[in-house]
Structure formats: C-alpha cells, structure tokens
Amino acid sequence: MATRSLPWWRGAVIYQVYPRSFADSNADGIGDLPGITRHLDHIASLGIDAVWLSPFFTSPMADFGYDVSDYRNVDPVFGTLAQFDVLIAQAHALGLKIIIDQVYSHSSNQHAWFQESRADRTNARADWYVWSDAKADGSPPNNWQSVFGGPAWTWDARRGQYYLHNFLSEQPQLNQHNPAVQDATLEIARFWLDRGVDGFRIDAINFAMHDPALTDNPPATDTGRRTRPFDYQQHRHNQSQPEIPLLLERVRAVIDSYDGDRFTVAEVAGPSPEAEMHAFTSGEKRLSSAYGFNFLYAPALTPALVRDALAEWPDAPGIGWPSWAFENHDAPRALSRWAAPEHHNAFAQMKMALLLCLRGNIFLYQGEELGLTQVEIAFEDLRDPEAIANWPLTLSRDGVRTPMPWRADAPHAGFSVARPWLPLGPDHAALAVDRQERDPLSLLHVTRRLIALRHANPALMTGSLTILEASDAILAFERATPEQRLLCVFNLSADVMDWNPATPRSWRTIDGVGQVDGWRLGGFAAVIAEWAG
C-alpha cells in the first residue's frame, strides 16, 4: 500500500454494513454484532480501510434503528456493549477503522428525553423537542410535510401541543437550537469516541434544525413525479438552516480533542444539496466529507452524470472533500437500475472500476462486491414503513436490505439457520461469497484487485481529476499527482467503442476490465493506463 502523509481517510474505501442483514449468530433470523465480528476477515480481505456500521443502538425499530431510544447502548437484537467492544478490537487488529452512525436530528418517541419533554410545558426538557400550539381552528402550526407521508406534526394531548417530526411520528425532532440539546449530543459523541470508534456518519444532518418562526414552505416548482405530500413543497424552512454548520463546528471540536485522525461524513439529501455539502465541509473546523445522492437514485449511469457530479467538487481552496456511493441501504441496487440482466456481469465490473477511480472517498455497500441485485419484496413481507405507507408507488428500501449470502448451498445462503427477517433474493445464493471465492474471474476477485490498484497508486487515492471526454458512451478522465499521471477510460455502452488519447504510445496499461484491445473497448469495458512518457 502506498505511504501517505495525508489523513488515513482521504481517498479511503469504506464498506457499509447494515447489521440486520449481514450475518446472524444466534439463530433469530436477524443479523447482529457477533455475526459481523465473525465475518470481519471477509471485509479485511477486500483491502477496505474502514467499516461503516448502520445503527445498532437501542430502538423500538419503527424505522429500523434510525429511531434511537438510547444513544449509549446496543439494542438486544444486535447484542451488547461488550460485544461491540469485541467487534471494534477485532476490527482494529485487522487494520480496519470503525465508523458508526449518529442521528442528531431526531430521536425515538420512546427516548427518556421525549417522555419527559411531553409530560408538561415546564419540565427541564420541555424545549428539547420542537413543540407548537395549534392554529385557532385546531390544525397543525404550518404546512410542513413529513418525508414518510402526511403532516410533519402530531398532536400530543398531555402537552396540548403539536410536536414536529420530519420523518415518522415515532421520530420527534430534536431542538438543536437549544444549547443543552447540543451539549447532550456532544456527550453521545464522546461516549463512542471513548470506546474507540474512528469516526461518524451523521444521518440526515440537513434536517437537524428548523426555522423557529415556523414559516410555511412554498410550493414546489418542479413538475417531476410526486408520490408523497413532501414532494409538493420546497423545503426552505423545515431543514437546511444556516445555523447547522455552527453545530458541526462543535462536533468537530470534540472529535479533534481525541488523538488520531477521526473521520466525519455528512449525509445530505435533497434535489440540490451541493451548497450545503460544501458548507458542512469547508475549512478545517467542520466535517471531513459529505455524502451525496448523485448516483443513489439515478435511473441510468451516464458519462454526463459522472461529469456533472465531479464538477461540483473541484480541487480548489476552500472546497471540501467528497464521498461517493452507487448503492446504500436506502437506494435500489445499482445493477437493477443501470443494466439489463444479460449485461450484469460485465456492467458490475466496469461500475466497480469507475467507482474506485473517482476522486474522493468511496463507499461500498455490503454485497456490492458480489453483484447483488434488487429484490422484489411482496407486500405481505414488507418491513419498510415508507414503502408500506406509499404502496405501490414508493420503491421499497427492503429490496436492498435483504440478507448477505455467504454459502451457496447452506440454508438461507448461510446468513442464518432461521428464517431471515427479509427473504433472500432468488438469484443471490448463486452469487454467494464461497462460490465467488472459488472463481478467480468473479466480481469478488475483481473488486479486491481494483481496491489494491487504488491503494497502490497515489493518483487514484488523492490526485486531481480532469475530464477529457463525457460523450454518449465514453467517459475518460485523468487522475494526477506531481509524481504520477493515470488515464481512466470507461465504455458505458454495450457496443464496441474506439477511443484514442492524443499520444497513445505514451500510455502503459496497468489494469482494465472487459474486452480491451489497445484503445478499442468492448461493451462495458474499462482501461486504466499510466503515463510512460
């Protein structure tokens, strides 16, 4: 691996684990922390730098862990704090960093803070959440809508007021304008940093603050597809407030008080999130990186899409460092969105090569290294509250959260000896880890090779990126440091394409996927070459 003087996370490859679906150790059909620990060797074998664990905290699971009722404990379905300590020790022994989710915008309605806050209007935590009186006619305070459907306000008879929730009614909005709430949030961060975590992915951070005046949101002006009341508004006042970066500066100050380079990445959703992403990562006092949705819901992978996403993150003073993902626990599997079934194998390899050549941090979602596809979940098997509420117009997140296949011939593909909480994909056993381990041409082996290539080449880790072409089919860019120049060319079509650099003989091919003959690229092929002069 190339020696780097920069922080370990700059250019890192981070593997996301969704704990419920990774590996079950106690035969209840739900993945858990000991199951993750048993399979850390698989993650380490990929050459990964860090593991991001989706929520495992105590929760009634209305939104499967993103409704936290105890930020400082492990939900019994996942294990214990002692088992988390074992996991982090084993990960560190394998050279893996551990990143965990932090949910600062809302809690569960079962959290002790909310239980006290709702009791009356004079208690010590009365203003730890966002409360407001009804209008004169008894209706909610304003027109804000929940992401998951319906008004963003729920009436509470004990307080005789409405409380705000940008997501489920079981996820009341924390009042991060209150310094005491911020202090409590920072204590949560310290708790996990003291246990040895190497950083945080901060969930829905652009929802962390609201307009205290509770101004109505204006109607949306776009004419795109709308499946929820939330889609009918511009979200100017229930999110994206200018005080959020100041909260992040407090988070960063806590993190910087610990030894070593800790990593922080903001999740920022929305139709035009770049301004917020830059604000959250600018300078040296805010977050390390921001995690956007450029690719996560895109219906097609095109050269123009990649070009436009990268253009938002120039290598310039004051501009933060990006993070990229093609898949995660909230978005449909990329192969099912971007490629016809007959092209899945070739496309998956090209897609992996492209992702690992991008400038920024790279997130791989569990099973992406196997080429897993989106699973169609029958209505009676759905667990995703958003999909159930908006059936059948909202694509279920359950289809990307199905269990990881470990052994092709084992019951439930080795995920559990019991019936899993979600069904496995019908084609997933054939893609299991053990089967791909035996095939040197499998996507699993290609992924390992490409991650090693990234780590071995400083230009891929931290170099600049210059787009050379982004036509209908061809994406070509150069990655460069003062010591190295690399040329990365991708054919995003199923047709054979010719592409020639200005001085073809000056480039030496160092890797590629698919059918490559010089600078003739077969369908969904890629070539990576180094300047030989």
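**Reading a predicted model: questions and answers**

Biologist: In this predicted model, F64 is found in the loop between β3 (57-58) and β4 (70-74). Why does F64 count as buried?

Modeller: The relative accessibility of F64 is 8%. Buried means under 20%, so F64 counts as buried.

Biologist: What is the phi of F64?

Modeller: F64 has a positive phi of about 50°, although F64 is not a glycine.

Biologist: Where does A413 lie, and what is its phi?

Modeller: A413 lies in the loop between α11 (385-389) and α12 (433-437). Its phi is near 55°, a positive value in a residue other than glycine.

Biologist: How do you know whether A413 is buried or exposed?

Modeller: One sets its value against the cut-offs: buried means under 20% relative accessible area, and exposed means over 50%. A413 has 5% relative accessibility, and therefore A413 counts as buried.

Biologist: How much of the protein chain as a whole counts as buried?

Modeller: Of its 533 residues, 61% count as buried.

Biologist: What makes a group of residues a nonpolar core?

Modeller: The members must be buried residues of the kinds Ala, Val, Leu, Ile, Met, Phe, Trp, Tyr and Cys, joined through side-chain atoms within 4.5 Å. The largest such core here has 137 residues, and W192 and F490 touch the most other members. Helix α10 (residues 344-357) supplies the largest share of this core, nine residues. Another core, of eleven residues, lies apart from it; L487, W499, A525 and V527 are among its members. In soluble globular proteins, nonpolar side chains tend to be buried together.

Biologist: Which residues does W192 touch, not counting those up to four places away in sequence?

Modeller: Among them are the aromatic residues F56, F57, Y71, F84 and F200. W192 also touches R72, N73 and Q102, as well as L81, I100 and V197.

Biologist: How many helices and strands does the protein chain have?

Modeller: The secondary structure comes to 14 helices and 21 strands.

Biologist: Why is the protein chain called as compact as a globular protein of that length?

Modeller: The globule rule gives 24 Å for 533 residues, and the radius of gyration of the chain is 23 Å. These values are close, so the chain is as compact as a globular protein of that length. Along the principal axes, its C-alpha atoms fill a box of roughly 75 × 50 × 50 Å.

Biologist: What share of contacts joins residues at least 24 apart in sequence?

Modeller: Among contacts between residues at least 6 apart in sequence, the share is 67%.

Key
Residues numbered from 1 in each chain as written. Predicted model: local features only at pLDDT ≥ 70, side-chain atom pairs only at ≥ 80, totals over all residues. Heavy atoms only, no water. Buried < 20%, exposed > 50% of the residue type's maximum accessible area, 1.4 Å probe, protein only. Helix = DSSP H or I, 4+ residues; strand = E, 2+ residues; numbered from the N terminus. Contact = heavy atoms within 4.5 Å. Rg over C-alpha atoms; globule rule 2.2 N^0.38 Å.
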